[in-house]
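We will go from one stop to the next, and at each one you will hear what to pick.

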Amino acid sequence: MKTRKKLSFFFSIFIGTIFLANSQTAEKSVPFFENGEAQIIAGFEDPENWVRHDLWVEAEFDTDGDGKLDRMHVSVTRPQQTDTEGLKLPVVYVSSPYFAGVAPNVEGAFWDVKHELGTLPEEHVHPEVVRVGQRPIISNSHIKTWVPRGYIVVHSSSPGTGLSQGAPTVGGNNESLAPKAVIDWLCGRKPGYTSIDGDEKVEAFWSTGKVGMTGTSYNGTIPLAAATTGVAGLEAIIPIAPNTSYYHYYRSNGLVRSPGGYLGEDITVLYDFIHSGDESKRAYNNATVRDQEMKNGMDRITGDYNDFWAGRDYLNEMEPMKAALLMSHGFNDWNVMPEHSYRIYEAAKAKGLPSQIYYHQNGHGGPPPMKIMNRWFTRYLHGVENGVENDSKAWIVRENDERKNPTAYADYPNPKASDVTLYLNSGAPEKGGLSIVKSKNQGIEKLVDNYSFTGASLAQAEITNHRLLYVTPTLSEDVHISGTAKVTITLSSSKPAANLSVWLVSLPWNEGRKTKITDNIITRGWADPQNHKSITESEALTPGKFYEVSFDLMPDDQIIAKGQQIGLMIFSSDKEFTLWPAPGTELTIDLDKTMLNLPIVGGTEALNKAID
């Protein structure tokens, strides 16, 4: 009986301690974690209890030519407990050139694509942005997600946009140094100011000095840009569909190529689209950045990779990077294509940085599931040892699955995938064959360029001389493609310049497919035969002379269902992506010297089994 009374006494103390702790938590809101994830706290939920204010942070550059360092406009949203209780919290930071509005959609704002290769059309129209938005709120994005979970959310407008000074450079150094300056302020290394030109300072006394960044598209590019500076305090980033190289966005292997859905866009068009900053500085910015630096560097004549593009390629800037990286992208994103994330993910892994990648089967945008993002920021911003670094390295959303239910991979590409070489068998103007076994003396086949036919119509055509199409036998089993396909095409052209486009497709077109029609497109790629030796130097083609052109298609992870055929389609001008020269250029393909390397889970054995 005495033992029972003692146990009862200590149990009462234990319960009382828990009750007291819960009462204190109710009175004093603090972050709370369960299963390695930050939980929503009642005391942080109510927007009426949030503190919202704005300020300016001085960067280390002057890009608008006024002789003064440019200041970046910053806004803060934080729980009131950071004032009333002295609570310090980590920061989720989002920066963008879009917060203050963009240029109107006017006719002629894009470059005309209907002209011969190696020439320039007339200058495009330059619309101007009318700035929108009022202080102190720059944006409400991400606030409802992260503030209730015990974070402070900070926004800033990138240089030359909104109330931030300077000029937009679309990937120039100032777009990396601007978020670095804001992070330096958040970590107490740089002063903030209450006005755009005053001396009254404001401190981030509520910040723990732990910062994470996220965002989609251009807003996803900026976290990577900041991370490449190696700025201390930027612990983790979650870029979603980021543009990691403006060359890869506007060019392909030497070819002038538009992003999907934006035919004729180039870096000067994007500059005009985002330039919402101080109207009095726009003339100077236009003259120095758009009409000098960009026009002299972008080279729409040859499409070659040069110093201008190298300076806007974040893969070249990754050595100082220390932030943990969680990438997200869609395999059917034909705007910012999936290679953008993959190339950075591979480089981050090679550096030994904590890295994960999430791919879904849809188009542009699409964050990882909240659980994955929450674990990432909980680990690297709150410092909770939740073991996220031991989670699967890759998360792939399988066909017809919900985005919130990805399949875990040991890595991407699937480690069980290996390259299988497929060879071409003649068949033009109908369909030829695609085989693991190489047949000799297949000869040559020709196609005639005509931009007026879409790639989809060419893939579906029974007979046409505007493309060459080579297909596998009908699959008797599913075939899982995972990784980056590569083509080697030996060709000659009837003219000194030609577009070269390649689609890998699943046929019959849209038959037996459960999802959207674009699922028939497995992956794509484009190249300029003039750059067969190097993307940095092109040379005019000698008509009739054969050249070997090798290049990667976009990375993919897709299961091609049994009953389908895998088809390699070779054509010239791609109506949705390339320039539109006058129809008539002939491309001649040497079938015996042309091949496809396809990454297949299970390798040759798996494909053999499916087409046997």
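A nonpolar core here is a set of buried Ala, Val, Leu, Ile, Met, Phe, Trp, Tyr and Cys residues joined through side-chain atoms within 4.5 Å. Buried means under 20% relative accessible area, exposed means over 50%, and partly exposed lies in between, with a 1.4 Å probe and protein chains only. The model is predicted, with local features needing pLDDT of at least 70 and side-chain atom pairs counting only at pLDDT 80 or more, while totals for chains, interfaces and linings use all residues. Residues are numbered from 1 along each chain as its sequence is written, and side-chain values use heavy atoms, leaving out hydrogens and water.

**Stop 1: the cores**

Select V154, V170, W185, L186, L234, I237 and W309: in the largest nonpolar core, which has 73 residues, these touch the most other members. Now centre on I237. Leaving aside residues up to four places away in sequence, its contacts (heavy atoms within 4.5 Å) include M213, P223, L224, M321 and W376. Next, pick A498, V502, V549 and L553, which are included in a second, separate core of 37 residues.

**Stop 2: helix 8**

Helices (H or I, at least four residues) and strands (E, at least two) are DSSP runs numbered from the N terminus. Show residues 267–274, which make up helix 8; seven of its eight residues are buried. Those seven are I267, T268, V269, L270, Y271, D272 and I274. What do the buried residues of helix 8 pack against? Colour helix 6, helix 7 (246–250), helix 9 (279–298) and helix 10 (307–310), and you have the partners.

**Stop 3: aromatic rings**

Rings of Phe, Tyr and Trp (its six-membered ring) pair if their centres lie within 6.5 Å; planes under 30 degrees apart count as stacked, over 60 as edge-to-face and the rest as tilted. The structure holds 19 aromatic pairs. For one of them, select Y247 and Y305, an edge-to-face pair with 5.0 Å from centre to centre and 90 degrees between the planes. This pair links distant parts of the chain, 58 residues apart: Y247 sits in helix 7 and Y305 in the loop between helix 9 and helix 10.

Then show Y98, Y218, Y246 and F273, which form one aromatic cluster.

**Stop 4: charges over rings**

A charge sits over a ring if NZ of Lys or CZ of Arg is within 6 Å of the ring centre and within 35 degrees of the ring normal. Select R257 with W526: R257 lies over the ring face, 5.2 Å from its centre. Select K575 with W580 as well, where K575 lies over the face at 4.5 Å from the ring centre.

**Stop 5: backbone details**

Where is a cis peptide bond with omega of about 0 degrees? Zoom in on R135 and P136, which it joins. P136 lies in the loop between strand 5 (89–96) and helix 4 (143–146). Another cis peptide bond joins Y412 and P413, with omega about -5 degrees, and P413 is in the loop between strand 16 (407–409) and strand 17 (417–425).

S217 has phi near 65 degrees, in the loop between strand 9 (207–216) and helix 6 (218–227), and is buried at 16% relative accessibility. N400 has phi near 70 degrees, in the loop between strand 15 (394–396) and strand 16, and is partly exposed at 47%.
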